[in-house]
Amino acid sequence: MIVEVPIHDIKNPPVPMFPELCVNCGKPKDENLGLTLDMDIQKRSKPVQMRMSVPMCKECANRERSIAKVTLVPFLIAGLLIGIAVFIPVAIFSPEGTTPQTLAFPLVLGGFAGLIAGSIGGTVVEFFVRLLATPVFGKLVTRRPLTIFGLYSNGDELIGVSARFLRKEKIAQLEFENDEIAREFIKINALEK
C-alpha cells in the first residue's frame with residue numbers, strides 16, 4: 001500500500017510516527033532503524049533531511065542488516081580492489097607533464113580510471129552476489145536498486161517499507177508491504193487515504 005505524506009515546508013519536513021509494531025511482520029517492536037530522505041535543499045549550509053525512525057522486531061532488523069552486507073560489502077570491497085588494480089598501472093605508465101599544471105597528471109588520470117573501473121567492477125560483483133543470495137533472501141534483495149544507483153536516487157528502503165521524496169509534488173511517498181501497518185500509520189499521522 002502506498003501512503004503519501006505531504007510536506008508543507010521543505011525546510012522543516014515532518015517527522016512521521018510509526019505504530020509500535022515491526023513494519024515488516026507486525027510483531028512487537030524491539031528496535032528502530034532509520035529511513036532518510038534528502039529534501040534537495042540546504043538550511044544554514046547544511047542539507048535538510050527527513051528522518052524517520054522505523055520500528056522493527058529483532059529478527060527483521062537482523063535480516064535487514066544481512067541484506068546490507070550482501071549488497072554494500074561486495075560493492076565496496078570489489079570496487080576498492082579493482083580501483084587500486086587499475087590505478088597503479090595507469091599512474092605508472094601515464095606520461096608526466098612538463099608544466100606545473102600537468103605534473104600530477106598520472107595521479108589524476110590513475111585516480112579517475114580507478115574510480116570508473118572500481119564503480120563498474122563493484123557493481124558487476126554486487127549484481128552476481130545478489131543473484132547468488134536470491135534463494136536466501138528472495139525478492140528483498142532483487143527489489144532494491146544496485147548500490148551505485150541507490151547513491152543517486154532520492155529514496156531509501158528497509159524490509160517492509162520504502163520511501164521516496166517527490167520534490168515537485170512536495171510529498172514523501174511510503175510504500176508498505178504490510179497493509180495493516182500502513183493503515184495504522186495513516187491513523188497515527190492523521191493522513192487521508
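Me: How many aromatic pairs does a search of the whole structure find?
Reply: The model is predicted, so local features need pLDDT of at least 70, side-chain atom pairs count only at pLDDT 80 or more, and totals for chains, interfaces and linings use all residues. Residues are numbered from 1 along each chain as its sequence is written, and side-chain values use heavy atoms, with hydrogens and water left out. Rings of Phe, Tyr and Trp (its six-membered ring) pair if their centres lie within 6.5 Å; planes under 30 degrees apart count as stacked, over 60 as edge-to-face and the rest as tilted. By that criterion, the number of aromatic pairs found is four.

Me: What is the geometry of the pair Phe-127 and Phe-128?
Reply: The ring centres of Phe-127 and Phe-128 are 5.5 Å apart. Their planes stand at 75°, so the pair is edge-to-face.

Me: Is Phe-185 buried or exposed?
Reply: Phe-185 pairs with Phe-176 in a tilted arrangement, 5.2 Å centre to centre with 50° between the planes. Buried means under 20% relative accessible area, exposed over 50%, partly exposed in between (1.4 Å probe, protein chains only). The relative accessible area of Phe-185 is 0%, so Phe-185 is buried.

Me: Are helix 1 and helix 2 roughly parallel or roughly antiparallel?
Reply: Helices (H or I, at least four residues) are DSSP runs, numbered from the N terminus. The axes of helix 1 (residues 58–93) and helix 2 (residues 105–137) come within 6 Å and cross at roughly 150°; axes are lines fitted to C-alpha atoms over the stretch in contact, and angles run from 0 to 180 degrees between N-to-C directions. Angles under 35 degrees count as roughly parallel, over 145 as roughly antiparallel, 65 to 115 as roughly perpendicular and the rest as oblique. Helix 1 and helix 2 are therefore roughly antiparallel.

Note on methods
Helix = DSSP H or I, 4+ residues; strand = E, 2+ residues; numbered from the N terminus.
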